[in-house]
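This briefing covers a sheet, the helices around it and a surface patch. Please keep the sequence and the model at hand while reading.

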Amino acid sequence: MCSLEKRGSVFILTLTGNDEHRLNPTLIDSIRAALQQVKAESTSPSALITTAQGKYFSNGYDLKWAGSNGGRAQLMSSKLRSLVSELITLPMPTIAAITGHASAAGFVLALCHDYHLMRKDRGFLYVSELDIGYKVPLWFAALIKSKVSSPKARREMIMKAAKLTAEMALERGIIDSAHDGAEETVDAAVKLGEELVRRKWSGHVYAQNRTAVLDEVLSTLGFDETVGDYGSSTKTFSRL
């Protein structure tokens with residue numbers, strides 16, 4: 001599922017194994033449990049890095065698990081939205097070290113971090129919904145809009161289902177830096193995390209400022225019109 005390592009004041013959350021890291025309730029719950037551990041063990045200031053083993057960062061929802069069961073699709077969506085809310089309200093800087101393919105909901109998982117580092121030799125960012133015949137939920141679109149400033153780049157991602165390499169994503173301002181391999185990407189993320197920790201910011205204030213910037217995203221997390229599901233994601237926001 002996932003592991004958690006602490007290097008000084010930097011936490012590294014790793015999706016473990018060589019599978020596609022499909023986001024089903026089991027994996028999402030494992031990630032959320034790790035975030036609870038981070039909050040319990042952190043002493044401000046801290047930083048979080050999320051990365052993954054193998055070929056994939058995450059290949060999106062576990063559609064095979066959901067099948068044609070509407071209840072399962074609702075559960076996956078609700079749990080992912082809660083996870084996104086927890087990451088947005090986490091009281092520390094967050095960094096996605098994207099060491100493999102990040103597609104659909106997997107790309108969303110990476111995108112809801114503050115900083116995005118990606119390996120150059122493998123992997124792409126891919127909003128696959130158009131290719132597989134799924135509607136992009138409004139909350140997905142709100143998150144992409146908040147993180148990708150260029151309308152042309154958003155059109156390319158959503159309306160052309162482009163597979164963006166690290167070089168392409170860097171050129172479009174979607175990621176912050178590109179690195180030679182997985183190890184180099186994680187090392188760069190740790191270096192960035194340590195630099196951010198040295199600023200000695202208040203984690204509580206950092207989270208408040210992030211939620212102010214991403215207010216439009218948080219306001220859409222309570223409902224996913226593609227599965228007709230009301231979630232409880234925004235309850236985390238109300239506790240700040």
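Two strands count as paired if DSSP finds at least two bridges between them. The model is predicted. In it, R119 has H179 in β10 as its bridge partner, and strand β7 (residues 115-119) is joined to β10 by three bridges, the two running parallel.

**Sheet**
- Six strands form an open sheet with mixed pairing, in the order β1-β2-β3-β5-β7-β10.
- The edges are held by β1 (2-7) and β10 (177-179); each has a single partner strand, so one side of each lacks a neighbour in the sheet.
- From one strand to the next, the twist averages 20°.

**Helix across the sheet**
- Helix α9 (residues 182-197) lies across β1, β2 (10-15), β3 (47-52), β5 (94-98), β7 and β10.
- The angle of α9 to β7 is about 160°.

**Helix α7**
- Helix α7 spans residues 151-159, and its buried residues are A153, R154, E156, M157 and I158.
- These buried residues pack against the helices α4 (105-111), α5 and α6 (138-147), and against strand β9 (163-164).
- After α7 comes A161, which has a positive phi near 50°.

**Surface patch**
- L63, I132 and Y134 make a nonpolar surface patch of about 270 Å².
- I132 sits in helix α5 (residues 129-132).
- The relative accessible area of I132 is 42%, so this residue is partly exposed.
- Helix α5, which contains I132, is also among the elements that the buried residues of α7 pack against.

How values were computed. Residues are numbered from 1 along each chain as its sequence is written. This is a predicted model: local features need pLDDT of at least 70, side-chain atom pairs count only at pLDDT 80 or more; totals for chains, interfaces and linings use all residues. Side-chain values use heavy atoms; hydrogens and water are left out. Patches are made of residues with over 30% relative accessible area and no salt bridge: like charges are joined within 9 Å, nonpolar side chains (Val, Leu, Ile, Met, Phe, Trp, Tyr) within 5 Å. Accessible areas come from the Shrake-Rupley method with a 1.4 Å probe; for residues, only the protein chains shown count as cover. A salt bridge is a side-chain nitrogen of Lys or Arg within 4 Å of a carboxyl oxygen of Asp or Glu. Helices (H or I, at least four residues) and strands (E, at least two) are DSSP runs, numbered from the N terminus. Buried means under 20% relative accessible area, exposed over 50%, partly exposed in between (1.4 Å probe, protein chains only). Contact means heavy atoms within 4.5 Å. Axes are lines fitted to C-alpha atoms, for helices over the stretch in contact, and angles run from 0 to 180 degrees between N-to-C directions.
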